[in-house]
Amino acid sequence: MALNCVLFFLLAAFATTVSATDHIVGANKGWNPGINYTLWSSNQTFYVGDLISFRYKKTQHNVFEVNKNGYDNCIIEGAFGNWSSGRDFILLNKSKRYYFICGIGGCSDGMKVSVVVHPLPPPPPSPSAIAAMHSSEKAAAPTTVGGFESLVVRLMLVGLMVYGCGRI
């Protein structure tokens, strides 16, 4: 029975692990002139730890991370970084607005994208925190909590009852 409990908690922890997303700029159209990257980025949600990747012909384009002025005016002076491999994977490691442009003339043809990176959502509560909350809710009124985290917590509690991993 103890082995079942350990396996259950390992599966639950694995199922709730957040993984990074690789956002391919322009999707199947890649990093090329004449594409509405504002529309593309507005349909994406970026989180700290995600990647933004640029796919292009390395002899024709490149990528520069610039500030807002560089983005608005298509200038690369003072750039924070530059890439030219044709398959560039850039880690979005801070919660902020990022600005990327093509530094080989493509910016003026629309090859620029700005993305807002959000902080990671808080992790779901640990099983010990759930147990502590449960034991302190002796006479609390019933409440409804929605969302994915709530579903995970409920499934974990059901697993505890099914596998007999302690008294709830």
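Student: Why is Tyr98 called buried?
Tutor: In this predicted model, Tyr98 has a relative accessibility of 3%. Buried means under 20%, so Tyr98 counts as buried.

Student: And what makes Phe100 buried?
Tutor: The relative accessible area of Phe100 is 0%. That is under the 20% cut-off, so the label buried applies to Phe100 too.

Student: Why is the pair of Tyr98 and Phe100 called stacked?
Tutor: Take the distance, then the angle. The ring centres of Tyr98 and Phe100 are 6.1 Å apart, and rings pair if their centres lie within 6.5 Å. Their planes stand at 5°, and planes under 30 degrees apart count as stacked, so this pair is stacked.

Student: How many aromatic pairs are there by this rule?
Tutor: The count comes to six aromatic pairs. One of them joins Trp31 and Tyr37, with centres 5.1 Å apart and planes at 55°. Under 30 degrees would be stacked and over 60 edge-to-face, so the pair of Trp31 and Tyr37 is tilted. Both of these residues are buried.

Student: Which residues do ring pairs link into a cluster?
Tutor: The cluster consists of Trp31, Tyr37, Phe54, Tyr98 and Phe100.

Student: How do you know that Lys112 lies over the face of Tyr71?
Tutor: Lys112 is at 4.7 Å from the ring centre of Tyr71, and the distance has to be within 6 Å. Lys96 is placed over the face of Phe80 in this way as well, at 5.7 Å from the ring centre.

Student: Which residues touch the most other members of the largest nonpolar core?
Tutor: That core has 19 residues, and those with the most contacts to other members are Val25, Trp31, Ile52, Phe54, Phe100, Val113 and Val115. Two or more residues come from each of α2 (37-42), β3, β7 (97-101) and β8 (112-118). With three residues, β8 gives the most.

Student: What does Val113 touch, leaving aside its neighbours within four places in sequence?
Tutor: Val113 is in contact with several residues, including Val25, Trp31, Tyr37, Phe54, Tyr98 and Phe100. There is also a second, separate core of six residues, and among them are Phe64, Tyr71, Tyr99 and Cys107.

Student: What makes β1 and β6 the edges of their sheet?
Tutor: The open sheet of three strands runs in the order β1-β3-β6, with mixed pairing. β1 (22-24) and β6 (87-91) each have a single partner strand, so one side of each has no neighbour in the sheet.

Methods
Residues are numbered from 1 along each chain as its sequence is written. This is a predicted model: local features need pLDDT of at least 70, side-chain atom pairs count only at pLDDT 80 or more; totals for chains, interfaces and linings use all residues. Side-chain values use heavy atoms; hydrogens and water are left out. Two strands pair if DSSP finds at least two bridges between them. Helices (H or I, at least four residues) and strands (E, at least two) are DSSP runs, numbered from the N terminus. Buried means under 20% relative accessible area, exposed over 50%, partly exposed in between (1.4 Å probe, protein chains only). A charge sits over a ring if NZ of Lys or CZ of Arg is within 6 Å of the ring centre and within 35 degrees of the ring normal. A nonpolar core is a set of buried Ala, Val, Leu, Ile, Met, Phe, Trp, Tyr and Cys residues joined through side-chain atoms within 4.5 Å. Contact means heavy atoms within 4.5 Å.
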